[in-house]
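Work through the exercises below with the sequence and the model open beside you. Each one sets a task and is followed by a solution that goes step by step.

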Amino acid sequence: MTAELATHRDPPLLSVERVRKHFAFTRGILFARTLGHVKAVDDVSFEIAAGRTLGLVGESGCGKTTTSRMILNLEEPTEGRILLEGQPIHDLQGDALRAYRTKVQAVFQDPWSSLNPRMKAGRIIAESLIVNEWGDAVRIADRVRELLLQVGLRPEQAEHYPHEFSGGQRQRVALAAALASRPKLIVLDEPVSALDVSIRAQMMNLLKDIQAADNVAYLLVAHDLATVRHMADHTAVMYLGKIVEQAPTAALFADVRHPYTRALFSAVLVAWPGRREEEVELRGEVPSPLDPPPGCRFHTRCPHAMPRCAEQEPALREVSPGHRVACHLFDNA
């Protein structure tokens, strides 16, 4: 059996299976009435293998953050299942839930809001180890020193408060805190967008080095396509709560299929020499997730819309090996 075949047969670390998250929209206080539901995430499925990165991209409000919150077990799906190592995560309680918290961590966009300003860096990093009774004080202190070195900081900086670090250093502290319990999956929510351009590449390379060393998987939630292209093995594009295109990252960037993905790519500057994207101008505004359009949700803005696009929702189907698109333009592909 080849290594490639063995890897293909390995079960995924994380499975998201036909997940929906609908939020009730109400009016009134004492006698609140439900007027409808915001369909933040609507029938989303994907997998992440151990040691791999999935990039989740799309406009603000497309459902990326809600998806990541469900994976972090901060929100419960309205329908569908999320499994880590084959175990549904929203049924976990007690010790099993605490174990899950050690296996799945997060690094957020703004290190100012994610770090307690009243705690020293060493205590911030050690917090999850203390809560989960990882070891005695000496063992935890050794682990904190190890983590500071791993993320490119000095052990003596454990005594510094967040305001004593630069933005890039604060993000390194946040990463060290996420790595403390040796997680299997880290949700990276715009991890470099708040950093200066000069240090973004350093942070991305650090994340990749840590992934190679620890075999940790990443869910990379981002709007910056350059970051996704550099870090992600696979990329999923979301629009109005649905995945409209999904493929290995190299294949997606080489051959964009969905009209929305084309528009998304054409809206950013050319990131590498010799690459030219067709300029796509979208009409209208993003529809409300409270009342999404029938059929294809993108048809109200799509330059290639056909009559059936307003009536029939396209299935996410494979148009080439590993490359799936939800668009009627490829019904016969």
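**Exercise 1.** Which residues does His323 touch, not counting residues up to four places away in sequence?

Solution. The model is a predicted one, in which local features need pLDDT of at least 70 and side-chain atom pairs count only at pLDDT 80 or more, whereas totals for chains, interfaces and linings use all residues. Residues are numbered from 1 along each chain as its sequence is written, and side-chain values use heavy atoms, with hydrogens and water left out.

Step 1: His323 is found in strand E12 (residues 323–325), where helices (H or I, at least four residues) and strands (E, at least two) are DSSP runs numbered from the N terminus.

Step 2: list the contacts, a contact being heavy atoms within 4.5 Å. Leaving out residues up to four places away in sequence, His323 touches Glu245, Gln246, Ala247, Ala251, Leu252, Asp255, Arg257, Arg317 and Glu318.

Step 3: check the accessibility. The relative accessibility of His323 is 1%, so this residue counts as buried (buried means under 20% relative accessible area, exposed over 50%, partly exposed in between, with a 1.4 Å probe and protein chains only).

**Exercise 2.** Find the aromatic pairs and describe the geometry of two of them.

Solution. Step 1: apply the rule, by which rings of Phe, Tyr and Trp (its six-membered ring) pair if their centres lie within 6.5 Å, with planes under 30 degrees apart counting as stacked, over 60 as edge-to-face and the rest as tilted. The count comes to four aromatic pairs.

Step 1: take Tyr239 and Phe298. Their ring centres are 5.1 Å apart and their planes stand at 80°, so the pair is edge-to-face. Because Tyr239 lies in strand E9 (residues 234–239) and Phe298 in the loop between helix H11 (259–266) and strand E11 (317–320), the pair ties together parts that are 59 residues apart in sequence. Tyr239 counts as buried at 2% relative accessibility, and Phe298 counts as buried at 2% relative accessibility.

Step 2: turn to Phe253 and Phe265, which form a tilted pair with 4.8 Å from centre to centre and 50° between the planes. Phe253 lies in helix H10 (residues 249–254) and Phe265 in helix H11, so this pair ties together parts that are twelve residues apart in sequence. Both Phe253 and Phe265 are buried.

Step 3: look for a cluster. Tyr239, Tyr260 and Phe298 form one aromatic cluster.

**Exercise 3.** How do the residues of the lining of the second largest pocket divide into nonpolar, polar and charged?

Solution. Step 1: define the space. On a 1 Å grid over the protein atoms alone, a pocket is an open set of points with protein on both sides within 12 Å along at least five of seven lines, and lining residues have an atom within 4 Å of a point. Grid points are joined across faces, edges and corners, and a volume is the space filled by probe spheres set on the points.

Step 1: describe the pocket. The second largest pocket has a volume of about 540 Å³, and of the 23 residues that line this pocket, the closest to its centre are Gln105, Ala106, Phe108, Ser128 and Ala177. H5 gives the most to the lining, with five residues.

Step 2: sort the lining, with Ala, Val, Leu, Ile, Met, Phe, Trp, Tyr, Cys and Pro counted as nonpolar, Asp, Glu, Lys and Arg as charged, and the others, Gly among them, as polar. The lining of the second largest pocket divides into 15 nonpolar, five polar and three charged residues.

Conventions. 1 Å grid on protein atoms, 1.4 Å probe; cavity = no way out; pocket = protein on both sides within 12 Å on 5 of 7 lines; lining within 4 Å.
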